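I opened the notebook to look up a few residues, the ligand site and the charged pairs in turn.

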Amino acid sequence: MANKLYEKLSNCVEAVRSKTDFVPDVALVLGSGLGNYAENIKVTAEIEYKDIPGFPVSTVPGHAGKFIFGYVGDTKVVCMKGRVHFYEGYDISDVVLPVRLMGMLGAKILFLTNASGGLGEGFGAGDLMLITDHISCFAPNPLIGANIDELGPRFPDMSEVYKKDLQDIIKETAKENGIELKEGVYCQITGPSFESPAEIRMLGKLGVSAVGMSTVNEAIAANHMGLKICGVSCICNLASGLSENPLSHEEVQEAADKAAPLFTKLVTESIKKFSKGL
Ligand code: HPA
């Protein structure tokens with residue numbers, strides 16, 4: 001009997017294919033601050049999540065998302081405007097369904113972006129950080145349960161999730177555009193509460209530079225199915241206990257909006273170069 005999750009995924013693929021035959025090379029997940037990224041895409045099709053049967057749709061008003069298909073330079077992209085978070089109450093398999101779907105539509109590269117709290121040495125609000133590796137053990141693993149053999153192996157290797165060649169392109173792009181780019185390990189916690197200062201001290205001891213509520217479960221699912229992954233995090237605040245101010249969603253959003261122009265430039269120029277490596 002076919003795996004139930006794979007059946008659900010295949011139905012989603014079919015629903016998308018009934019609306020567009022566009023085959024993307026790069027999948028891009030937009031985090032906070034990149035909400036208006038569609039302006040940089042020569043759009044060929046848009047599909048609202050709610051029009052894909054079985055697709056997890058945010059219940060928060062104003063948060064309904066969509067896939068945007070089109071071109072960034074010569075690179076064919078599918079872009080997720082609005083992602084699904086575990087803290088919203090979805091099953092972890094639904095949280096990673098969109099990323100798996102983009103892989104099944106043909107994407108070979110996954111570019112993950114997010115907003116995070118910074119605890120790396122010398123980090124400040126508004127910094128951009130290249131994700132070099134991650135820590136996943138504070139969030140559920142999306143591969144728990146029967147393995148979907150059609151997608152990948154039971155025990156996937158995780159020794160280079162964020163591909164060195166893509167990291168090099170992003171670093172080179174930052175340099176060419178005069179964008180300061182930090183580097184470090186990103187840790188996903190479940191949220192929705194921010195961390196306590198003691199938790200941030202613990203994460204610091206574990207070698208974490210940035211902490212947030214997304215991305216790692218998507219990276220694990222995409223790595224499982226063989227996608228090449230890269231990621232950039234927008235440091236929107238100093239992590240809990242590292243500044244006088246209590247943390248708020250408004251502060252995070254404000255910092256993300258401020259960093260948006262440079263973040264957009266870095267993502268766009270990097271993706272243009274990805275087409276050469278495909
Ligand atoms: N912690 C967790 N998630 C976040 C933070 C933070 O400090 N800032 C933005 N997202």
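I began with Lys-182, which counts as buried because its relative accessibility is 15%; buried means under 20% relative accessible area, exposed over 50% and partly exposed in between, with a 1.4 Å probe and protein chains only. I then looked up its partner and found that Lys-182 forms a salt bridge with Glu-180, with 2.6 Å between the closest N and O atoms, a salt bridge being a side-chain nitrogen of Lys or Arg within 4 Å of a carboxyl oxygen of Asp or Glu. Glu-180, at 57% relative accessibility, counts as exposed.

I note for the record that this is a predicted model, in which local features need pLDDT of at least 70 and side-chain atom pairs count only at pLDDT 80 or more, while totals for chains, interfaces and linings use all residues. Residues are numbered from 1 along each chain as its sequence is written, and side-chain values use heavy atoms, with hydrogens and water left out.

**Other salt bridges**

I found 13 salt bridges in the structure. I looked next at Glu-218 and Arg-83, whose side chains meet in a salt bridge at 2.9 Å, N to O. This pair links distant parts of the chain, 135 residues apart, with Glu-218 in helix α6 (residues 216-224) and Arg-83 in the loop between β4 (75-81) and α2 (92-95); helices (H or I, at least four residues) and strands (E, at least two) are DSSP runs numbered from the N terminus. Glu-218 is buried at 1% relative accessibility, and Arg-83 is buried at 11%.

I also checked Glu-48 and Lys-50, whose side chains meet in a salt bridge at 3.5 Å, N to O. Glu-48 is partly exposed at 35%, whereas Lys-50 is exposed at 56%. Glu-48 and Lys-50 are linked with Asp-51 in a network of salt bridges.

**The ligand site**

I then listed the polar atoms around the ligand's nitrogen atoms. A polar side-chain atom of Asn-237 lies 2.7 Å from a nitrogen atom of the ligand, an N or O atom in the side chain of Glu-195 is 2.9 Å from a ligand nitrogen, and a polar backbone atom of Gly-117 is 3.3 Å from a ligand nitrogen. On its own the ligand has 260 Å² of accessible area (Shrake-Rupley method, 1.4 Å probe), of which the protein covers 95%.

**Ser-233**

Is Ser-233 buried or exposed? I found Ser-233 in strand β9 (residues 228-238), and at 0% relative accessibility Ser-233 counts as buried. Leaving aside neighbours within four places in sequence, Ser-233 is in contact (heavy atoms within 4.5 Å) with residues including Ala-115, Ser-116, Asp-127 and Tyr-186.

**A surface patch**

How values were computed: Polar contact = N/O pair within 3.5 Å; in protein donor to acceptor, adjacent residues only side chain to side chain.
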